[in-house]
Structures are given as C-alpha cells and as structure tokens.
Amino acid sequence: MKLPITILLAGFALGCMFPGSADAQSSAVRAFIDDEAPGWESLTENDFAPVNSDENTWSWKDGVLHCTGLPISVIATKEQFVNFEAVIEWMHEKPAGNSGMFAWVSPEALAELRAEGKPGLPDGVEVQMLDHGYTDKMKALGKSTDWFGTNGDLFGVRKPFKPFPPTSPNGSRSFPRKHLCNGHGEWNHYYIRAINGEVRLWVNGEEVSGGNGVTPANGHLCLESEGSPIQFRKLRVRRLP
C-alpha cells in the first residue's frame, strides 16, 4: 500500500535546516515532511479537551501552546485517530525538562483520569520529549541513567508495544539510533507516523526509533505535563488509510 507522504529533501548544501537544529553546520541531508500538502490539518485550542490538569496548566498565545508542567497530567484531542502522521515542534524552557506525546489513548483511560481528578498519565504509546539535563539530574540523585534516553525514546505505557532496537536494558523502550535532539531553549521537530499498530519517530529530520504490536491501535492524542515548563507549536496531523 502506498502512503500519501510527501517528503522534501534539504541540507546544508541547499542552505536549509530545521529551526534550532544542532546540525546547522553539517553537510548531512535531512528529510522534511511537507505538512502543507493536502490532507494536513492544524490542531488548535478548539481541538483539545481538558483531562486532569489545573485551569492554568495549558494556555495558548500566538499559536504556541504553553504548559507550566504542573500538575503531572495531560490534555487530549477531542477526536480519535487510527492511522495518522503528525508533526509537532517542542521546546523545554528549563534544564531536565520532561514531557511527551501519547498516541492511541483510549476513551476509557481518559475517563478514568477525569473521574479520579488526580495527577496521573494515561495508557498509550509515549513519544518521549526529555531534556538532556535530566541525565545530570538523575546522576546527582544517585540514580541509574541507563534505562532512558533523551533523544526520542518510544515505549508503551500499560499498553502492548514491541520496541525496535536498540532497546533499553529491560527491553521496554526503543532507544534512538541517533542523538539528534536539541537542548532546553531550542526547538525540536518531531514527525510521528502511526500505522496498523506500528509507531515510528523522526527527530529533526531523521528516523530514530519505533515499535509495533500496539493493540488497540486507535484512540486520542495527548500532550503531557510532567513537572517542567514546555512550549509546543506547529501541531499538524493527517489521517492515513
């Protein structure tokens, strides 16, 4: 089956790079997704519904979604998605920031969080958005740092998920094959493709991680508030066959 995915190639030789890219002086060629092609839609304030955050956790300003990071919670799309591709840009405001996007979150998981009215995160596939300073934070606390990465981990949260290698020591996470994320204060570009129980992630233009075996492979998209301020912009999505 051919998928309606339009890709534009860009690199140093063409004088075009992702905003804030750490490879702005590299000659490597990256793959852009043309999210202005037919079928792509922007997700705006009206496309999201509250779940278990405080009133002031999320706020929109000039097309940018700001998150305070407190409490640990999510905001969810009103609609559900089956096969889709999405683009999202994000930036941690402080070192050691933690956040992410959840794919294929069930209505039941959201209903449970709403009913409890407490901090918490839903079931689903998490696309990790973690600042590099988180490693230093864990080391300072005397804790292990080998179980997570800061360049685009993918893993299931109480949901079946078979990670592509390389994986975390316990085999639960797909670790990124390349380290491409920018640090706090810089924007990162994520492209996510989710088809028939398989999720793949591109970080700043290159595919780095993925996994399959997700069931059920449908549900809401959620953005995560997890302890530190973060900004999101250019939330774009396109449904696939």
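## Buried cysteines

C181 is buried, its relative accessibility being 8%. C67 likewise counts as buried, because its relative accessible area of 3% falls under the 20% limit. These values come from a predicted model.

No disulfides are present in the structure. A disulfide would be a covalent bond linking the sulfur atoms of two cysteines.

## Overall architecture

The protein chain contains 18 strands and two helices. It has 241 residues, and 52% of them count as buried. The accessible surface of the protein chain amounts to about 11,100 Å², with carbon and sulfur atoms accounting for 53% of that area.

## Nonpolar cores

The largest nonpolar core comprises 36 residues. Within this core, the residues that touch the most other members are F84, I88, Y190, I192, L201, L223 and F232. Two or more residues of the core are supplied by each of the strands β6 (64-67), β8 (84-92), β9 (98-105), β10 (124-130), β14 (188-195), β15 (198-203), β17 (220-225) and β18 (230-239).

A further core of 11 residues lies apart from the largest one. Its members include A109, L110 and L113, together with the cysteine C222.

Definitions and conventions
Residues are numbered from 1 along each chain as its sequence is written. This is a predicted model: local features need pLDDT of at least 70, side-chain atom pairs count only at pLDDT 80 or more; totals for chains, interfaces and linings use all residues. Side-chain values use heavy atoms; hydrogens and water are left out. A nonpolar core is a set of buried Ala, Val, Leu, Ile, Met, Phe, Trp, Tyr and Cys residues joined through side-chain atoms within 4.5 Å. Buried means under 20% relative accessible area, exposed over 50%, partly exposed in between (1.4 Å probe, protein chains only). Helices (H or I, at least four residues) and strands (E, at least two) are DSSP runs, numbered from the N terminus. A disulfide is a pair of cysteine sulfur atoms within 2.5 Å. Accessible areas come from the Shrake-Rupley method with a 1.4 Å probe; for residues, only the protein chains shown count as cover.
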